[in-house]
Amino acid sequence: MPNKLCQLLQIDCLQYRSLLQISLKLDFRSERLRGYRGSEKSKKRAFLFTIVFYLIISLVISLSTFQHLDVGSYAFLILSVSMLFMAMAVVIEFNDIVVNPQDAEILGPRPVSSRTYFWVKMTNLFFYVIVMGASLNLIPAIVGIWTQNSGYHFAAIYFLVSCIANLTTAAFVILLYSFLVRMMNFERFKDILAYVQIVFTFLLFFGYQFLPRVMQHLNGSVTYTSLQAPWNYFVPSMWYASIIMAVFGNISTHVVCLAGLGVVFTVVLFAHSSGKISLEYADMLNKLTTATVSQVESLPRGASLKNSLVKRLLNKIVPDPVECAGYELVSKYLHRDRSLKMRIYPSFAFPFAMIALFIYDGRFTDPFAPGAGFDTFFPLIFFVYVAMFFHFLLPTSDDWQAAWLYWVVPVDSISKIYWGAIKAVILQYVLPYFLAAGILLSTQMPVTHAAAVTVFNFCFFLAYYAFLSLFNTDLPLSKKYERGQSNFRFTLMVIIFPLFVIGIGLEYLIFRHSSLLVFAIGGLLFLSIIFWRISGVRLAKRFSTQEYLT
Amino acid sequence: MIELKNLTRSFNGLVAVDNVSLFIPSGQICGYLGPNGAGKTTTVKMLTGMLKPTSGTALVDGFDILQQPLEVKKRIGYVPESGALYENLTPLEYLQLVGRLYHMDEKVLEEKIDEFLRLFKLWEHKNQRMKTFSKGMKQKIVISAALVHNPSVIFLDEPLSGLDANTALLLKNIFRRLAEQGKTIFYCSHILEVVEKICDRIVIIDHGKIVADGTINQLRLLTSQSSLEAIFSKVTHSEDMAEIAEAFSKVVGTMS
């Protein structure tokens with residue numbers, strides 16, 4: 001940042017440069033977390049993965065829409081996607097750049113002004129926003145040249161506006177953060193973040209399903225003018241699309257008002273950020289390190305009876321004390337560890353969104369009925385996506401350093417802890433989902449048919465989850481979460497999408513020949529047991545050769 | 001010097017530091033003791049500008065912590081109990097960052113870092129990431145980072161944690177010499193023998209309030225106790241430790 005700009009923003013130039021340099025250095029330094037051979041995770045690779053993922057998404061969207069849209073509606077569509085992705089990336093992956101309690105511990109007593117520190121963090125975040133924004137908008141900017149009423153200068157204008165729109169989105173998220181942190185303690189704040197992530201994931205998947213439905217209703221093409229309606233004033237991507245329209249010479253009152261709204265919003269947001277927010281930023285961070293005093297809640301009446309019943313049931317399901325310890329540990333962490341919840345819970349949005357859309361479309365049909373299609377299987381089979389989240393994230397925790405315990409406990413087979421964890425996931429998260437799905441399906445078809453579909457899909461989930469466990473290398477909650485893993489999972493989901501289609505095809509064939517159903521269920525259960533036995537032996541063997549190095 | 005004026009801090013209605021007033025002149029090592037949760041770290045966090053007092057204020061080296069927090073921060077060095085540092089940096093990178101935050105001259109900074117690392121026997125590890133360091137090695141870096149800019153007031157929260165006996169001895173000598181140079185040292189610790197040995201004055205805090213203040217001899221006279229351990233136990237109304245130990249060891253026996 002040039003010295004004059006530093007003076008204008010009232011920040012200390014030397015401190016700014018030193019802190020920014022270190023922030024970026026730390027961001028791109030991989031962390032060797034454990035003494036596992038070859039297990040060093042690379043943050044650079046994760047970030048590169050994100051970029052490639054965004055490039056693919058933007059290529060698909062721009063190529064599939066540019067022929068149907070004019071310059072304004074095309075800009076609106078791509079900017080909407082870009083701004084949504086950006087907000088999601090900041091909330092899910094990059095929030096720790098701006099809201100990091102460790103920074104407050106280390107830098108709190110240093111003579112760094114709130115403004116300097118704020119702009120270091122914002123620049124650090126903006127670096128990612130610019131790079132990710134470029135990967136989301138570069139291809140659409142070029143493809144947009146060939147939309148209706150466009151021209152060669154579209155690429156430059158669109159790209160510039162998209163940069164501003166993305167930066168504004170990120171700044172807006174930070175504004176919301178500072179507001180939330182001021183209103184509540186850090187633990188509650190993380191709770192809110194988890195809910196926001198779930199909402200974002202819902203939006204993403206609804207949008208993904210909603211877009212083709214909108215496209216089906218398009219006759220010929222959509223123009224900016226045909227989209228004009230009062231709702232435009234509430235959609236920021238429309239404001240920035242209108243700026244592009246204004247530059248293209250479309251100077252109607254509507255366009256000018258919307259474009260003006262975009263400009264005013266951007267200016268006010270950045271002025272407010274560089275003023276009030278930057279001044280209070282250090283206080284906000286210090287608040288994160290403040291101890292929170294929580295009241296001990298007394299157990300409600302009847303809770304002890306319920307607890308004793310649960311305990312007895314648990315003894316039946318998890319009779320081994322080591323397994324039970326694994327079960328208790330993971331179930332408590334899945335309920336209490338907000339970071340873990342924040343990463344895992346959004347995955348439920350996908351199957352839930354699918355169910356909601358399929359009910360809305362009336363596509364839940366009886367698979368045994370003549371002429372039934374594939375549709376009923378889609379929402380249920382997609383629950384295996386949740387298995388992927390559990391597989392990748394269950395080994396991670398903010399309290400990963402407590403994993404030394406695994407190395408000192410005198411247990412005959414460490415894989416028992418893993419079994420306990422698997423049972424906790426299945427009993428507390430998977431089973432309730434399939435029960436609810438079964439009840440829902442029974443409203444759309446005979447109860448026995450709904451039960452058959454549900455049981456088959458539940459077993460399919462078990463087999464898939466067991467298959468994934470073959471690749472498991474870590475015990476539950478034993479390693480640190482690395483930024484970029486969420487995008488990695490999204491990308492993986494896109495890559496393995498054809499596998500889902502094959503699964504659905506197989507399921508369709510089995511339900512066409514109902515005599516095969518029992519064998520198929522038995523086969524899936526058999527496979528699950530075999531996979532889990534193999535993975536248990538492998539995990540125990542691998543663990544016996546590992547050393548605990550931090 | 002440090003001057004606390006009715007300093008108070010509460011969290012959700014719970015008063016952690018309750019109306020504490022204290023004056024510590026330059027050149028004095030003041031031991032600040034108290035049981036767990038007594039309010040020691042909260043006091044230090046307020047004095048270092050990491051927490052805002054609910055009421056009252058304090059002067060550090062003549063500057064008000066509320067009115068001139070940056071001036072205060074320029075003059076203090078802080079060794080936190082958590083020992084937090086950026087573990088993915090090397091000692092050299094971390095100390096350079098800290099020095100630059102205080103606008104230290106690059107040449108002086110390089111020389112000082114060089115000396116610190118040599119004295120603490122970390123020179124050969126200067127380009128190694130601190131993630132691989134032992135607790136004691138990290139603590140040496142935390143202490144170096146607190147002193148590199150020559151602060152006039154030093155806040156030490158369990159500074160000897162994780163250090164071997166020789167380094168601990170070295171540091172006790174260093175703190176003594178720094179006090180002789182006129183620096184004020186605010187020393188929080190649970191290791192009473194060390195406090196007894198190096199502190200000119202001892203302040204004991206319990207439930208956010210000062211319950212004892214004076215030199216070790218004054219406290220001995222006041223409480224009719226010979227050791228600091230006994231004094232501490234008496235003024236903080238500790239339960240009978242022998243009884244608790246007996247009960248605890250019985251429970252341990254029944255668990256096996």
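Me: Is the crossing of α7(A) and α8(A) left-handed or right-handed?

Reply: The crossing of α7(A) and α8(A) is right-handed, a word used if the near helix is turned clockwise from the far one by less than a right angle, anticlockwise being left-handed. This is a predicted model, in which local features need pLDDT of at least 70 and side-chain atom pairs pLDDT 80 or more, while totals for chains, interfaces and linings use all residues. Residues are numbered from 1 along each chain, chains are lettered from A and ligands numbered from 1, in the order written.

Me: How do the axes of α7 and α8 of chain A lie?

Reply: Helix α7 (residues 114-143) and helix α8 (residues 153-183) of chain A have axes that come within 9 Å and cross at roughly 145° (lines fitted to C-alpha atoms over the stretch in contact; angles run from 0 to 180 degrees between N-to-C directions). Helices are DSSP runs of H or I with at least four residues, and strands runs of E with at least two.

Me: How do the residues of the contact of α7(A) with α8(A) divide?

Reply: They divide into 13 nonpolar, four polar and no charged. Among them are A:Leu125 and A:Gly133 of α7(A) and A:Phe159 of α8(A); contact requires C-beta atoms, placed from the backbone, within 7 Å. Leu and Phe count as nonpolar and Gly as polar.

Me: What makes β9 and β10 of chain B a pair?

Reply: Five bridges join these antiparallel strands; DSSP must find at least two, so they pair.

Technical notes: Contact = placed C-beta atoms within 7 Å.
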